[in-house]
Amino acid sequence: MEILIKTSEQVTLNTVTMQHPTEGVLVYTEWLDTKGRIMDCEIRSKDGYLIEESEDHCLVTEVYQFVDSLK
């Protein structure tokens, strides 16, 4: 095995832990590039399970709107 390309990039990691009225504790994590743009984000349950948008679009939208209101 050989390395073809190796790159490094500085990112900012933001984590918001929230109490949802019906879903309990949720953890929202986002990775930002050096210009402050979101590169990736995820929502996990308190047990660490990933919450996919395809599984629960309404919940994901609600979390995104809540996090956006904090900015």
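**Strands, cysteines and a valine**

Strand S2 and strand S3 (residues 38–45) are paired antiparallel, with 7 bridges. Pairing here requires that DSSP finds at least two bridges between two strands. Strands (E, at least two residues) and helices (H or I, at least four) are DSSP runs, numbered from the N terminus.

Before going on: this is a predicted model, where local features need pLDDT of at least 70, side-chain atom pairs count only at pLDDT 80 or more, and totals for chains, interfaces and linings use all residues. Residues are numbered from 1 along each chain as its sequence is written, and side-chain values use heavy atoms, leaving out hydrogens and water.

Between S2 and S3 there is a hairpin of 5 residues, and glycine 36 in its turn has a positive phi of about 85°. On the other pairing, S1 (residues 12–20) runs antiparallel to S2 (residues 24–32), joined by 9 bridges. That hairpin has 3 residues. Methionine 18 has leucine 26 in S2 as its bridge partner.

Glutamate 30 stands opposite cysteine 41 in S3, which brings me to the cysteines. How many disulfides are there in the whole structure? The search finds 0, a disulfide being two cysteine sulfur atoms within 2.5 Å. The sulfur of cysteine 41 has its closest cysteine sulfur in cysteine 58, 17 Å away, so it is too far for a bond. Cysteine 58 is exposed, at 62% relative accessibility (exposed is over 50%, buried under 20%, partly exposed in between, with a 1.4 Å probe and protein chains only). Cysteine 41 is partly exposed, at 24%.

Last, valine 60 lies in helix H1 (residues 57–70). Valine 60 counts as buried because its relative accessibility is 2%. Beyond neighbours within four places in sequence, valine 60 contacts Ile43, Ile51, Glu52 and Glu53, contact meaning heavy atoms within 4.5 Å.
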